[in-house]
Amino acid sequence: MEFLVLGSLEIITEGGKSILLGVSKISQVLALLVARAGEVVSVDTLVEELWGDRPPKSALTTLQTYVYHARRMFAQNELTVPDRNVLLTRPPGYLLDASVDETDASQFQRLLRQGSDSFQAERWDEASDRLHAALALFRGPAFASVHQGAVLAAHAANLEELRTRAIELRIEAQARLGRHRELVPELQSLVIARPLNEWFYGQLMVALHRCGRRAEALEVYQRLRRVVRDELGVEPTAEIQRLHRIMLEPVGQRGPNTADTFRELRIAYGLEDRLVELGAGPR
């Protein structure tokens, strides 16, 4: 059995049958239990998720009804067997009895940790493969088919942040392998999807420059500048501005402090030895 939340809420049975759960309070309860699989979720937390700070007087009995219907759905789809009850009552609330391998969110976080460890060990191919597998688990935004209260929305935001981190690590691993041309289309899509993420703009600028497309790299900077000025009323970060200035300088005219500038940019953006190859001189 597998519980999927990285997209619409879905349950895959042992026999491979897919059970899609629509927008309902029952789905909302199950989504939160899956998000905290293996942990007891208190009644108070579930009530907060369902009704916020304005629960009805019948909140407890209504919640119990939702749990009853969830258990009946499990039984009707043969998700509950005599030697295993999936949805358990455990004071002060309820627990979804699922292992790490039975929820896609847990699988994703495990693969992200493995990819991060491989990255730290400078095993770039292995890191890229692990992170690619982690990201492939997403079928859309987390809990996409479920109404989200404050508690579930916090879980969704955390998963989206981890997803962004996985993308960043995988891009960096790919760049370490010299796959700059392959990265350009993905980075172009990412700056459209995440227009205020300056890290992606910096990576796109460097990837384009490495491909001999300096004019396009400079245009990316101008696009970022327009976006942050229009949306936030600020200029790009100091690191991005310095990267832009370096790209404007002819290689032969770069000053004696250029190498130091590149080292600082490597620290700021994790670009490391790729930036020195833009013409900054030896590391």
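**Exercise 1. How many bridges join strand β5 to strand β6, and do the strands run parallel or antiparallel?**

Solution. The model is predicted, so its local features need pLDDT of at least 70, side-chain atom pairs count only at pLDDT 80 or more, and totals for chains, interfaces and linings use all residues. Residues are numbered from 1 along each chain as its sequence is written, and side-chain values use heavy atoms, with hydrogens and water left out.

Step 1. Locate the strands: β5 covers residues 87-90 and β6 covers residues 93-96. Strands (E, at least two residues) and helices (H or I, at least four) are DSSP runs, numbered from the N terminus.

Step 2. Read the pairing: β5 and β6 are antiparallel and joined by four bridges. Two strands pair if DSSP finds at least two bridges between them.

Step 3. With two residues between them, β5 and β6 form a hairpin.

**Exercise 2. Describe the largest cavity and the largest pocket.**

Solution. Step 1. On a 1 Å grid over the protein atoms alone, a cavity is a set of points where a 1.4 Å probe fits but cannot get out; a pocket is an open set with protein on both sides within 12 Å along at least five of seven lines; lining residues have an atom within 4 Å of a point. Points are joined across faces, edges and corners, and a volume is the space filled by probe spheres set on them.

Step 1. The count is one cavity of 30 Å³ or more, and the largest cavity has a volume of about 30 Å³. Among its lining residues are Phe3, Ile11, Leu30 and Phe74.

Step 2. By class, this lining has eight nonpolar, no polar and one charged residues. Nonpolar covers Ala, Val, Leu, Ile, Met, Phe, Trp, Tyr, Cys and Pro; charged covers Asp, Glu, Lys and Arg; the others, Gly among them, are polar.

Step 3. The largest pocket has a volume of about 350 Å³. Of its 18 lining residues, the closest to its centre are Ala35, Arg36, Ala105, Ser106 and Gln109.

Step 4. The helix α4 gives the most to the pocket lining, with four residues. The lining of the largest pocket has eight nonpolar, seven polar and three charged residues.

**Exercise 3. Where does Arg179 lie, and is Arg179 buried, exposed or partly exposed?**

Solution. Step 1. Arg179 is in the loop between α6 and α7 (180-193).

Step 1. Its relative accessible area is 28%, so Arg179 is partly exposed.

Step 2. Leaving aside neighbours within four places in sequence, Arg179 is in contact with Asp125 and Gln174.

Notes: Buried < 20%, exposed > 50% of the residue type's maximum accessible area, 1.4 Å probe, protein only. Contact = heavy atoms within 4.5 Å.
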